[in-house]
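Hi everyone, thanks for coming. Please have a look at the structure on the screen, and then we'll walk through a few of its contacts together.

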Amino acid sequence: MRDRRDEAWPGDEAEPVGEPIPEEGPREGPWIVRAVTLLVVAVAGSFAALLAVGAILPRVAAEVGGSVEASVVLPDDTEMPDLRERSVVYAADGTLLSILHDEEDRRVVPLDALPDHVWQAVLTAEDRRFFEHEGYDVEGLGRAALANLRARDITQGGSTLTQQLAKMNFLDAAQTLDRKFTELLYAMALEKEHDKDELLERYLNQVYFGSGAYGVQAAAEEYFGVGAAELSPQESALLAGVIRAPSSTNPRRDAEIAERRRDLVLAGMADEGYLTAQEASDLQATEVEVVEEGDQEVKEPYVVEAAKQQFLADPTFGATFEERRERLFGGGLEIHTTIDPALQEMARDVVAERFGGDGPTAGIASVDHTTGAVRAIYSGADFEAEQFDLARQGRRSPGSAFKTFAMIEALEQGYPPSLSLDGSSPVEIVYDGGDQTWEPTNYGGASYGTIDLGEATTRSVNTYYAQLMTLVGVEEVVERTELLGIDRQAAYRGEEFPSIVLGGLEGGVSPLEMASAYGAIANLGTHIDAHFIDRVIEDDEAIYEADPDEREALSPAVASASIDLLTDVVSSGTGTSASVDGWHIAGKTGTTNDNTDAWFVGVSPVLSTAVWVGHPERQVSMPGATGGGTAAPVWSAFMRQALAEFEPSDFPEADDADLESLYAGEEVEVPEVVGLTEAEATLTLAEARLGVEVVNVASFAPAGVVAWQQPGGGSDHPIGTPVRLGVSTGQPPAPEPEPEPEPAPEPEPEPEPEPEPDDGGGGEDGGGDGGGSSGNGGNGDGNGGGDADGGDGSSAEGAAAEGQDG
């Protein structure tokens with residue numbers, strides 16, 4: 001058997017054209033055959049005469065001069081309606097993904113694209129005098145009846161091909177004489193308005209062949225797995241033999257009947273001169289072979305379904321849903337999707353290698369963020385078993401992968417990367433006007449002290465981001481995610497609290513949403529809506545080309561700063577397993593409570609990809625699973641292959657002027673924080689959009705309290721300026737050591753005594769004065785030491801601080 005190349009979906013069986021094959025019975029003698037033959041010919045001739053009389057007599061008109069002339073008034077509405085034609089879905093490289101149709105599977109092909117033996121077989125079976133008659137054929141009617149009687153089978157039709165077209169396009173199936181008269185009139189009108197080639201082409205594309213196949217192209221695909229242009233003479237003869245009774249003569253149901261009917265058509269083709277007797281005999285000796293019946297093998301059914309849903313939701317293709325559906329399944333469209341089959345296969349292989357059975361699976365969504373085109377989307381599910389795409393429709397908590405959105409909003413509001421907050425665990429968050437509290441903790445209970453935005457992102461510190469969320473505002477972050485393509489209602493369901501920064505979303509997000517949202521960061525702040533349809537072709541003309549909405553979701557400068565922060569996550573943080581050699585990768589990990597969901601969402605300069613790992617059923621724990629340890633390796637495995645076809649490149653960068661002006665030129669007043677605890681002082685300075693550098697110092701102040709700050713409160717400094725805080729250890733500063741006493745001066749040698757004068761008393765007074773001078777000098781040294789010990793301590797503490805920092 002041939003391999004099915006382009007299978008069609010079976011539809012509902014239509015009513016057959018003609019009568020079913022009569023049951024086999026014993027053959028009667030020749031005299032009965034001759035008698036019945038004469039009767040049939042007589043009846044056929046009488047019936048044809050009745051048709052002509054019934055068509056003409058009601059329309060006899062008297063002419064001037066008393067003469068009478070019979071005239072026939074033919075219908076003037078002979079414009080046949082457009083055939084419903086299936087639509088075809090392709091991948092970005094032209095690979096056929098699916099054929100879309102409902103009851104009628106049809107693909108119109110021009111007559112000149114068909115081998116002659118196709119139409120020759122059909123005319124042999126249905127209307128041998130087609131090129132000779134004008135819509136009705138009295139001789140053909142009698143001959144067909146006789147041939148059918150002799151063959152004890154329906155081998156030829158009584159109605160002409162044109163009459164069949166009239167019935168299919170303008171009339172119902174009622175078997176009444178009036179309906180037959182009308183059929184004759186329409187057949188004559190069709191012959192008048194259309195040439196024979198037009199009528200033959202229409203018939204070959206419209207007639208039903210059974211198994212849901214309408215037209216010769218669909219029939220060739222359905223029964224033989226080839227296009228109509230590739231049909232052989234014996235295959236053409238078999239299809240022609242099916243037309244009269246497609247339900248009861250289906251070759252899959254009874255190969256013997258199908259073969260017998262085929263052989264009769266081949267013999268007739270020899271009688272008509274289309275084949276030689278030897279050719280017909282040789283073809284009759286071949287075995288009837290048809291492909292197995294089955295639904296069309298849809299490649300990438302989830303992709304096809306996504307494209308269908310996008311089409312049906314777009315008013316470009318019709319004002320109402322019904323109009324769009326009719327056009328999709330009967331409009332003969334070519335729908336070209338954005339999907340790259342190679343990337344799709346990579347995603348499938350990566351998931352299959354790591355997951356299977358009843359355990360967890362992975363959802364992968366990859367988007368070209370420069371155009372919004374979805375290049376790959378896969379979640380490992382079986383479409384026949386579960387027509388729900390976890391990568392596109394599944395909504396799960398993103399865990400810490402949501403922190404990126406708070407980070408972006410903070411940068412947009414002017415909070416600098418040097419913004420410092422307390423990373424201790426737990427931390428108390430007060431919100432809702434003070435009526436609600438929340439105490440988040442860090443993963444594993446880790447505590448980090450005062451850290452800046454970069455370290456908090458690299459280490460994915462929950463308590464830092466919980467405080468950041470209160471600084472920038474929940475409403476502001478939610479609105480930012482809307483700009484980035486997150487469906488607000490579906491994601492939050494009206495429940496918007498600070499905890500969403502750690503992934504606590506009521507509805508959740510899909511991998512496709514996350515890949516698209518992160519893509520805006522890599523696209524220098526411009527978000528382009530993700531889409532599956534690239535273009536739609538109708539009658540060889542493009543009626544639609546993708547023009548997705550795009551908007552500035554964040555400023556170029558913030559996008560560049562975000563890339564820097566997220567690159568550190570991959571180079572030295574929780575996402576090191578997502579690295580790809582030779583490429584700059586930026587991204588964020590995410591892990592939910594009880595390890596039920598693991599994420600890595602990351603961007604390269606050419607693709608933005610999200611990976612989710614979890615169970616199709618919600619809230620099933622995966623002990624030990626984390627975003628960095630479980631999802632990031634899957635991301636890297638996929639992206640290593642996906643990026644192999646690209647030359648490594650860098651992320652686009654904002655203009656230097658944009659980067660320099662991100663915070664430049666704006667100054668804020670430094671708040672006074674001496675006397676506050678380290679956490680209070682850090683938060684106060686953060687609210688003023690200032691950085692913090694903490695130095696532990698010995699001080700008489702209580703432990704954890706700010707003993708001094710530089711610069712001091714009340715001064716103005718640019719946003720992001722780090723304020724140095726001396727935080728007391730609770731230990732008093734060590735006293736300054738007593739200064740070493742200066743050594744006593746060496747006594748000067750006494751001069752040789754002169755001869756004493758007669759009185760001898762002045763020497764003692766001179767010595768006394770000298771002693772007094774020495775005493776005053778000693779007192780001077782003592783006062784100097786007293787100044788050093790008796791200071792206010794700030795210089796001493798400053799010295800200690802320098803020593804600690806160094």
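Let's start with a question: with which residue does glutamate 272 form a salt bridge? Glutamate 272 pairs with arginine 128, and their closest N and O atoms are 3.4 Å apart. The two partners come from distant parts of the chain, 144 residues apart: glutamate 272 is in the loop between α9 (255-271) and α10 (277-284), and arginine 128 is in the loop between α2 (116-126) and α3 (138-151). Glutamate 272 counts as partly exposed because its relative accessibility is 35%.

Now a quick word on what we are looking at. This is a predicted model, in which local features need pLDDT of at least 70 and side-chain atom pairs count only at pLDDT 80 or more, while totals for chains, interfaces and linings use all residues. Residues are numbered from 1 along each chain as its sequence is written, and side-chain values use heavy atoms, with hydrogens and water left out.

And a few terms. A salt bridge here is a side-chain nitrogen of Lys or Arg within 4 Å of a carboxyl oxygen of Asp or Glu. Buried means under 20% relative accessible area, exposed means over 50%, and partly exposed is in between, using a 1.4 Å probe and protein chains only. Helices (H or I, at least four residues) and strands (E, at least two) are DSSP runs, numbered from the N terminus.

Back to salt bridges. Side chains of opposite charge can pair when their charged atoms come close. The whole structure holds 27 salt bridges. One of them joins aspartate 105 to arginine 86, with the closest N and O atoms 2.9 Å apart. Aspartate 105 is in strand β5 (residues 105-106), whereas arginine 86 is in the loop between β2 (68-70) and β3 (87-90), 19 residues apart. Both aspartate 105 and arginine 86 are buried.

Another salt bridge brings together arginine 395 and glutamate 513, at 2.7 Å from N to O. Here 118 residues separate the partners: arginine 395 is in the loop between β9 (373-378) and α14 (403-412), and glutamate 513 is in helix α19 (residues 511-522). Arginine 395 counts as buried because its relative accessibility is 17%, and glutamate 513 is buried too, at 11%. There is also a network of salt bridges that links Arg84, Asp102, Arg325 and Glu326.

Next, the rings. A pair of aromatic rings is described by the distance of the centres and the angle of the planes. Rings of Phe, Tyr and Trp (its six-membered ring) pair if their centres lie within 6.5 Å; planes under 30 degrees apart are stacked, over 60 edge-to-face, and the rest tilted. How many aromatic pairs does the structure hold? There are 13. Phenylalanine 317 and tyrosine 544 make a tilted one, 5.2 Å centre to centre with 55° between the planes. This pair links parts of the chain 227 residues apart, with phenylalanine 317 in the loop between α11 (301-313) and α12 (321-330) and tyrosine 544 in strand β16 (residues 541-545). Phenylalanine 317 and tyrosine 544 are both buried.

Why is the pair of phenylalanine 402 and phenylalanine 405 edge-to-face? Because their planes are at 90°, with the ring centres 5.1 Å apart. Phenylalanine 402 is buried at 1% relative accessible area, and phenylalanine 405 is buried at 0% relative accessibility. Ring pairs also link Trp119, Phe130, Phe131 and Tyr274 into a cluster.

Let's finish with strand β8 (residues 361-368). Eight of its eight residues are buried, so β8 is largely enclosed by the rest of the structure. Thr361, Gly363, Ala365 and Val367 point one way from β8, while Ala362, Ile364, Ser366 and Asp368 point the other way.

Which strands pair with β8? Two strands pair if DSSP finds at least two bridges between them. Strand β20 (residues 608-614) runs antiparallel to β8, and seven bridges join them; there, glycine 363 has tryptophan 612 as its bridge partner. β8 also pairs with β9 in the antiparallel sense, over five bridges, and alanine 365 stands opposite isoleucine 377 in β9. β8 and β9 form a hairpin with four residues between them, and glycine 372 in the turn has a positive phi of about 85°.
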